[in-house]
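Please open the structure in your viewer and keep the selection tool at hand.

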Amino acid sequence: MPIKDLYQPSRPVISFEIFPPKKDAAVESIYAPLSQMAALRPDFISVTYGAGGSGSVNRTTQVAAHIRRQYGITVLAHLTCQGADHAKILETLRQLRAEDIHDILALRGDRESSHCPHPTSRPLPAAHFRYAEDLIRDIREQGDFCIGAACYPEGHIECDDLALDIARLRRKQEAGADFLITQLFYDNDIFYRFLDKARRGGVTLPISAGVMPILGQAQIERMIFLCGASLPPVIVKILHKYADSPEDLRQAGIEYAAKQINGLLEHGADGVHIYTMNKPEIAEQCMKSIGRIE
């Protein structure tokens with residue numbers, strides 16, 4: 001079943017995101033934590049194009065194919081177009097199709113040093129894929145793929161105008177996107193305001209809210225800088241309270257994420273996309289908090 005058909009009013013979609021091992025690590029190193037996460041039975045698992053763009057489409061495809069074959073879980077393969085031409089994209093689509101992978105998250109591409117979920121690069125040297133909507137249009141022309149796209153509740157870090165961001169999101173929809181996944185945010189009210197603006201702007205696609213637990217000071221500082229995510233006062237207080245206790249901060253961060261998820265679901269979110277950072281304990285605690293597992 002394509003991911004777009006998983007979105008039903010009576011049951012929000014719960015999904016996980018993982019990233020393949022870096023190039024200097026064996027791809028099999030992800031299989032043990034992946035097995036634990038698969039046992040939690042999310043509606044789908046997305047596989048990024050490596051941590052911070054350091055991977056390759058081959059590793060993404062390999063891990064995605066393992067998930068589909070080994071666990072029978074719907075898988076969403078990330079595909080970026082930075083530096084790619086039409087022929088290269090067609091070849092990648094052929095490889096994915098050969099592995100019976102038909103759900104793709106179409107992204108423009110990471111900055112070289114970025115670790116932000118769904119970041120996009122500076123304008124590309126090649127004109128063929130300047131924006132994600134260009135990639136979406138190319139994929140849609142192939143006819144047999146379900147296409148996801150990224151959206152930004154606080155606006156894209158390179159764009160100061162949220163109204164313009166919504167207009168660009170509408171263009172992704174018109175290009176052929178089937179559903180949307182947001183960048184992380186730490187204040188649910190930001191998502192609710194974004195959702196209202198998106199709907200009033202003509203965006204009708206299902207939108208999964210992206211949630212990433214806080215695991216440490218360095219991580220949150222990186223997210224603020226790279227993604228432009230803002231911190232509500234409650235997060236600032238958590239960071240201050242556990243500044244000298246990394247383990248307590250980690251636990252408080254996961255608990256806060258679980259509260260975020262419950263609030264989003266109570267508010268009627270189409271779905272929640274959990275950035276697991278390859279940590280099964282994050283996925284497990286979040287799934288327990290919403291009653292998907294005991």
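Is Met 277 buried or exposed? The model is a predicted one, and in it Met 277 has a relative accessible area of 18%. Buried means under 20%, so Met 277 counts as buried.

**First stop: two loops**

Keep Met 277 selected and find the loop between strand S8 (271–275) and H10, where this residue lies. Its phi is positive, at about 55 degrees, although Met 277 is not a glycine. Most residues other than glycine have a negative phi.

Next, select Arg 41, in the loop between H1 and S2. Arg 41 also has a positive phi, near 55 degrees, and is likewise a residue other than glycine. Arg 41 counts as partly exposed, because its relative accessibility is 48%.

**Second stop: helix H1**

Select helix H1, residues 31–38. Colour Tyr 31, Pro 33, Leu 34, Met 37 and Ala 38, which are buried. Now look down the axis of H1: the buried residues fall within an arc of 160 degrees, so they line one face of the helix. To see what covers these buried residues, display strand S1 (13–18), strand S2 (44–47), helix H2 (57–71) and helix H10 (280–289), which are among the covering elements.

The largest nonpolar core contains 95 residues. Select Ile 18, Ile 67, Ile 139, Tyr 186, Phe 191 and Leu 264, the residues with the most contacts inside this core. Then show helix H9 (residues 246–266), which gives the most to the core, with seven residues.

Centre the view on Tyr 186. Which residues does Tyr 186 contact, leaving aside its neighbours within four places in sequence? Among them are Met 212, Ile 214, Ile 220, Met 223, Leu 231, Pro 232 and Ile 235. Gln 219, Ser 230, Tyr 256 and Gln 260 are also in contact with Tyr 186.

**Last stop: helices H4 and H5**

Select helix H4 (residues 132–140) together with helix H5 (residues 162–175). They pack at an angle of about 10 degrees, with their axes 8 Å apart. Because of this angle, H4 is roughly parallel to H5.

Display the side chains where the two helices meet. From H4, select Ala 132, Glu 133, Ile 136, Arg 137 and Arg 140; from H5, select Arg 171, Lys 172 and Ala 175. By class, this contact of H4 with H5 has three nonpolar, five charged and no polar residues.

Conventions: Residues numbered from 1 in each chain as written. Predicted model: local features only at pLDDT ≥ 70, side-chain atom pairs only at ≥ 80, totals over all residues. Heavy atoms only, no water. Axes fitted to C-alpha atoms, helices over the stretch in contact; angles between N-to-C directions. Helix = DSSP H or I, 4+ residues; strand = E, 2+ residues; numbered from the N terminus. Parallel < 35°, antiparallel > 145°, perpendicular 65-115°, else oblique. Contact = heavy atoms within 4.5 Å. Nonpolar A, V, L, I, M, F, W, Y, C, P; charged D, E, K, R; others polar. Buried < 20%, exposed > 50% of the residue type's maximum accessible area, 1.4 Å probe, protein only. Arc of directions from axis to C-beta. Core = buried A, V, L, I, M, F, W, Y, C linked by side-chain atoms within 4.5 Å.
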